[in-house]
Amino acid sequence: MNLYDFGNNYIIEGKFDRILLRPVSSLFQVLFETFRIESFQEVATGIFCMVWAAHRLGIVWTPARLAMLLFFGICAGIIYISIFLMLSTVSFWFEDRIGVHPPVWNVIAFGRYPLSIYSPVVQFFLCWVVPFGLASFYPSVKLLGRAVTPEYAPLVPVVAVVFFTLALSLWNFGTRHYSSTGS
């Protein structure tokens, strides 16, 4: 949520100046300045739903499958954080209370459905431009042991690294060129 409100809370209200004075990474501070305890409830609900669905589908959780789930979960988290970090960096140049996040939050819903139901243009967009579908659909197919063409699951960690590197580069560029809010 700190990235979602970055433009308003940190740039417009001037809290980013305080962040830059501390000897800790500015990105680390922004990501972890506030912690929402209610997020644990969302995680618990997600785990419960996965366990229930896996039981209903007859999925056997082997150590390899659990490792794959953890690996793809980390990659998906990196992809999501990277996308929202890139969107947050826009606030360094365009001061806006709302920012560009809301439309992209709506795109997340597209990644909740099988990509095969969409046109090739939408599939391309959800895999390579805003890769929410790549972070969710292809790992899910792989975990369920199903086949899909094309097989992009092996590219998920590559996309995670590329997007994180791009997001971190944009963040560093933005912080170097940040000119404060003034008074």
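Is C127 buried or exposed? C127 is buried, with a relative accessible area of 2%, where buried means under 20% relative accessible area, exposed over 50% and partly exposed in between (1.4 Å probe, protein chains only). The legends below take in this cysteine and a few other spots.

This is a predicted model, in which local features need pLDDT of at least 70 and side-chain atom pairs count only at pLDDT 80 or more, while totals for chains, interfaces and linings use all residues. Residues are numbered from 1 along each chain as its sequence is written, and side-chain values use heavy atoms, with hydrogens and water left out.

**View 1. The overall fold has 9 helices and 0 strands.** Helices (H or I, at least four residues) and strands (E, at least two) are DSSP runs, numbered from the N terminus. The C-alpha trace spans about 60 × 35 × 25 Å along its principal axes. Of the 183 residues, 33% count as buried.

View 2. A disulfide here is a pair of cysteine sulfur atoms within 2.5 Å. The sulfur of C75 lies 15 Å from its closest cysteine sulfur, in C127, and so is too far for a bond. C75 counts as buried, at 5% relative accessibility.

**View 3. S82 sits in helix α5 (residues 63–89).** With a relative accessible area of 0%, S82 is buried. Its side chain makes polar contacts (pairs of N or O atoms within 3.5 Å; within protein, one must be able to donate a hydrogen and the other to accept it, and residues adjacent in sequence count only if both atoms are side-chain atoms). The S82 side chain reaches the backbone oxygen of I78 at 2.6 Å and the backbone nitrogen of F164 at 3.3 Å. Leaving aside residues up to four places away in sequence, S82 touches A160, F163, F164 and A167, contact meaning heavy atoms within 4.5 Å.

**View 4. F124, F125, W128, V129, L155, V158 and V162 form a nonpolar patch on the surface.** Patch residues have over 30% relative accessible area and no salt bridge; like charges are joined within 9 Å, nonpolar side chains (Val, Leu, Ile, Met, Phe, Trp, Tyr) within 5 Å. A salt bridge is a side-chain nitrogen of Lys or Arg within 4 Å of a carboxyl oxygen of Asp or Glu. Together the seven named residues have about 600 Å² of accessible area, by the Shrake-Rupley method with a 1.4 Å probe; for residues, only the protein chains shown count as cover. Helix α7 gives the largest share, 4 residues. F124, in helix α7, is exposed at 51% relative accessible area.
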